[in-house]
Amino acid sequence: MSRETAAEIVHKVLVRGDRADPLIAARAERDRLDAPSRAFLRELVFGTVRHHATLDHIIESFSSAPLKRIERRLLSILRVGLYQLLFLDHVAPEIAVDSAVSTARRRFSKRAGGFVNGVLRSIGRSMQRVDVEPDGTDPRRFVPGPEKSGILFDRDVLPSPGDDLDEHLAAAFSYPVELISRWRSHFGDEVCRTVARAGNARPRVGLRVHTSKVTREQLLAALTEQGFSVRVGPVEGSVIVDQPRGLFESSCHLEGWFQVQDPAAQRAVLALDPRAGESVLDLCAAPGGKATQIAERLGGSGRLVATDVDADRLKRLTESCTRLGLTGVDVRTIGRGADTDLGGPFDRVLLDVPCSNTGVLGRRPEARWRFDAAMLKSLTGVQAELLRKGAANVRPGGCLVYSTCSLESEENRDRVDVFLAENPGFRLLEDELTLPSTEGWDGGYWAKIKAPE
């Protein structure tokens, strides 16, 4: 049933523009799915949405009907079935095909089931999983997988890179052409490929060790003993979990030994460098990963005001503070665009702004399909207003850290440069762009700005 449900949700996400997470949560609750079934549903939905451009190119190469003539819901069934064939080596091919065929027959007709059967079985006969791309492979016949692996076909399934490299990479890695073009321009071809592959890797879970309770070595040992695959992360005090199922029911989580937070996100607070006794404002605090990191570093002294416009997401911050044993966090819901008196000025201000999420596309598969110039322009307007608000709340000589989970220059250094040009006296101390990695951490940007004395 998870496969049929996945096809329904994929249709709603790709055709109607709905968000996947709430749909998955609602169906899991309605159907009373156990943890493994819910995880499998999430894998099917996120994987299919993430790779759907690649899936569509392959389907069209084998289908007797043009893609635009395939009924949208039937196409979603095909996509979910093909995703399993290509990317889930723990699913037997016959199960992936048979489940898609039976769903098509039940939802549409015997003829639709035959069509799905013919397309998927033809693809299955044409493909071969390989650990490393063979030398001399025609790039039109190779679909990249995790790391250096991929799927080799006996016919062309992708556009020719010689005709248009942007089109080829967008089809091979399943991204909008506009994003691939931007990344090639900003980072060059090889880094573009690395970033694109990282965005398709199954996301790992990053943890921040609650060092007032436990050392990183103690947490690693405890999680390993409880059966989790864990390793040291790239930031001091960070841990990467490769298979997180059951993590939130573990004693380590319940006792507040860690907070889920990607290493890239941790870097922004490390740059902010809050110290005991200081006053700190976290202006866009929900759901609270960075706010709890600040509170830990304050050690119960000083003052932390954590605000956001989303009251529901701020509840997660309050819950995390309780579990971690953190006190002295003033959590406030504020209105959009309102110049609320937040009790400043503050020694340090953290401004983790809404953004395009292009540094975390592995976790947010829908975000790549929503990216366009109009969205980017709208976001930069919001970011400029939040920078203005953040600057108004920092004391003379204090520090402001502006951060995003974006890779786009308009949201990062360009946005900071515009702010500095419009606010003489503010000075950029340092900034950093982190690219996402197939090793399991996200991408993002931070800039540390000093206010005039």
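This is a predicted model: local features need pLDDT of at least 70, side-chain atom pairs count only at pLDDT 80 or more; totals for chains, interfaces and linings use all residues.

A: A residue counts as buried when its relative accessible area is under 20%, and as exposed when that area is over 50%.

The buried set consists of G289, K290, A291, T292, Q293, I294, A295, E296 and L298. This list takes in K290 and E296 along with I294 and L298. As background, an α-helix has 3.6 residues a turn, so residues three or four places apart point the same way. Following α13 comes G299, which has a positive phi near 65°.

Strand β8, residues 279-282, is also covered, and on both faces. S279 and L281 are buried on one side, V280 and D282 on the other. β8 pairs with strand β9, residues 303-308, in the parallel sense, over four bridges. Within this pairing, S279 has R303 of β9 as its bridge partner.

The cysteines come next. The structure has zero disulfides. For C192, the closest cysteine sulfur belongs to C355 and is 19 Å away, which is too far for a bond. C192 is counted as buried because its relative accessibility is 1%. C284 is in no disulfide either; its nearest cysteine sulfur, again that of C355, lies 11 Å away. With a relative accessible area of 13%, C284 is buried too.

Burial is also found in a loop. T438 sits in the loop between β13 (427-434) and β14 (444-450). Its relative accessibility is 18%, so T438 counts as buried. Leaving aside residues up to four places away in sequence, T438 touches E147, R197, A198, A201 and R204.

A second case of strand pairing is antiparallel. Four strands make an open sheet in the order β5-β6-β4-β7. Its edge strands are β5 (230-232) and β7 (258-260), each of which pairs on one side only. From one strand to the next the twist averages 30°. Inside the sheet, β4 (residues 205-209) and β6 (residues 238-241) are joined in the antiparallel sense by four bridges, and L207 has V239 of β6 as its bridge partner. Helix α10, residues 216-225, packs on this sheet and touches β4, β5, β6 and β7. The direction of α10 makes about 165° with that of β5.

Last is a contact between two helices. Two packed helices are described by the angle between their axes and the distance between the axes. The axes of α4 (residues 72-87) and α5 (residues 93-107) come within 8 Å and cross at roughly 170°. Angles over 145 degrees count as roughly antiparallel, and α4 is therefore roughly antiparallel to α5. On the α4 side the contact is made by L74, I77, G81, Q84 and L85, and on the α5 side by P93, A96, V97, A100, T103 and A104. Sorted by type, the residues of this contact are eight nonpolar, three polar and no charged.

Key
Residues are numbered from 1 along each chain as its sequence is written. Side-chain values use heavy atoms; hydrogens and water are left out. Helices (H or I, at least four residues) and strands (E, at least two) are DSSP runs, numbered from the N terminus. Buried means under 20% relative accessible area, exposed over 50%, partly exposed in between (1.4 Å probe, protein chains only). Contact means heavy atoms within 4.5 Å. Axes are lines fitted to C-alpha atoms, for helices over the stretch in contact, and angles run from 0 to 180 degrees between N-to-C directions. Angles under 35 degrees count as roughly parallel, over 145 as roughly antiparallel, 65 to 115 as roughly perpendicular and the rest as oblique. Ala, Val, Leu, Ile, Met, Phe, Trp, Tyr, Cys and Pro count as nonpolar, Asp, Glu, Lys and Arg as charged, and the others, Gly among them, as polar. A disulfide is a pair of cysteine sulfur atoms within 2.5 Å. Two strands pair if DSSP finds at least two bridges between them.
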